[in-house]
Amino acid sequence: MREKIHIYHTNDVHSHFEKWPRIRKFLKERKALHEANGEDVFIFDCGDFVDRWHSFTEGTLGKGNVELLNDAGYTAVTLGNNEGLTLPHDVLKHLYDEAEFDVLAANLYLPGGTRPSWALPYQIYKTSKGTKIGVTAATAYYRPLYKLLGWELSEPLSELENQIAELQKQADIIIVLSHLGMHDDQKIAENNPRVDLILGGHTHHVFMNGKKVNHTTLCAAGRYGEYIGYIEGEVDTKNFNASLFETAVLDNPPNAAEYIKDLDEIGKDLLQTEVVTLPEPLDYSWLEQSDLPAIMCEALYKWCKADCALVNSGLILSALEKGVVTKYDLHRMLPHPINPCVVELSGAELQEVLVKAEESGLSELEFQGLGFRGVMMGKFVYHDIEYGKDGGSIKIAGAPLVRDKIYNLATLDMFTFGVFLPPIKNARRKIYYLPEFVRDLMEWELKQRYK
């Protein structure tokens, strides 16, 4: 009788726990079914399971997410940039202390080139019939940002080639957990014909029935738990049939709504630390001038010690009422895992940024991603920038803009990654401030104002 293995995979769940009760129920039931039939089952996550936009993740600093993975019976996970770059060094170091699964991250190192004890370059799993399944993994190559947090990254494609070469000597089947994105997954398959499966993530792509590249099957399950990936594999023939289960049509356990609410309440309770007491309410608007975006922009300007600052008002998602403000209130208002940064621009480049911000309709753009967890871009707000309606009369700190002068603009890291404001994305010099998020700067500024 031919040996079958069953593989389930998730990626880029981003703490979207509204789907989790269905995912949890499905994985537990399927695992029990396969094991009752004497067949081996493996469950993998390909990164960005942790996302600090959710109060449960914020309150537990990701350890609650690890408990959820334990409960669902995961075999192994890899890191996404949300695990790697939104948690301070010591928090990530201890994130998986209670994990009942393996953490695979071949290209993550400590300074000096040693591996963290909790991050394995690969693992070999032996089936009940003795088949050896070698699994390795790599995360997206944001080396400068990891360095700021006290980690080192090796280049993922070359690192994976080293691990695959080692697995070729030891394993019958080779699987890569990739948080590198669709295009890098394609390169891995093209350059490493011995890889049987690549379970991918990072770019939130969907392969409904996998994608065959030479010998290798590429798999991906979108984002936010919309799908659960499934592969039925015949070991003898190395035939892998990939498919996706749409989470929305799966059975929902009867206590799902209560379960989801409980996660938020746990986070809320953990974030009840008082930050400040406001003598009056502070409002916000995405289309008009308002209090909180202006305060956010000034906080950014001061924190970064820049010449001027720019933020989008869509960053603010709720008002602050008069009276006690807690960490939960600030998290609800600014849930984004977005860091402050400074970019160096010429006056001409800064003028191009401002014209694009004011006259392109960008403020009405609806989007999510690049750390932004809001709804729409919103009106741009400035500190020490005056913009004339015709784009020709711009003042920086009260003085006319000089086109060949160099300015330090404080802004949000998402503008250096996205294509919204090209001169910022292409800036010659960028300084990132980690691990602080924009809500940390808002807390700092409110404490200065309302001592």
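**Exercise 1. Find which residues have the most contacts inside the largest nonpolar core.**

Solution. Start with the rule: a nonpolar core is a set of buried Ala, Val, Leu, Ile, Met, Phe, Trp, Tyr and Cys residues joined through side-chain atoms within 4.5 Å. Buried means under 20% relative accessible area, with exposed over 50% and partly exposed in between, using a 1.4 Å probe and protein chains only. The largest core has 100 residues, and Tyr96, Phe415, Leu421 and Met442 have the most contacts inside it. Helix H10 (residues 291–304) gives the largest share of this core, seven residues. Helices (H or I, at least four residues) and strands (E, at least two) are DSSP runs, numbered from the N terminus. There's also a second, separate core of 21 residues, and Phe44, Leu104, Leu199 and Phe240 are among them.

A quick word on what you're looking at: this is a predicted model, where local features need pLDDT of at least 70, side-chain atom pairs count only at pLDDT 80 or more, and totals for chains, interfaces and linings use all residues. Residues are numbered from 1 along each chain as its sequence is written, and side-chain values use heavy atoms, leaving out hydrogens and water.

**Exercise 2. List what Tyr96 touches, not counting residues up to four places away in sequence.**

Solution. Contact means heavy atoms within 4.5 Å. Apply that to Tyr96 and you get Val66, Val77, Leu79, Glu83, Phe101, Val103 and Trp118.

**Exercise 3. Work out how the rings of Phe367 and Phe420 are arranged: what are the distance of their centres and the angle of their planes?**

Solution. First, the rule: rings of Phe, Tyr and Trp (its six-membered ring) pair if their centres lie within 6.5 Å, and planes under 30 degrees apart count as stacked, over 60 as edge-to-face and the rest as tilted. By this rule, the model has 21 aromatic pairs. For Phe367 and Phe420, the centres are 4.9 Å apart and the planes sit at 50°, so this pair is tilted.

Phe367 is in the loop between helix H12 (347–359) and strand E19 (380–383), while Phe420 is in the loop between helix H13 (414–417) and helix H14 (422–425), so the pair ties together parts 53 residues apart in sequence. Then check accessibility: Phe367 comes out at 13%, which counts as buried, and Phe420 is buried too, at 12%.

Now try Phe380 and Phe415. Their ring centres are 6.0 Å apart with planes at 40°, so this pair is tilted. Phe380 belongs to strand E19 and Phe415 to helix H13, which links distant parts of the chain, 35 residues apart. Both Phe380 and Phe415 are buried.

**Exercise 4. Decide whether Ile424 is buried or exposed, and list its contacts beyond four places in sequence.**

Solution. Find Ile424 in helix H14. Its relative accessibility is 0%, so Ile424 counts as buried. Ile424 touches Val343, Leu345, Val353, Leu409, Thr411, Phe415, Thr416 and Lys430.
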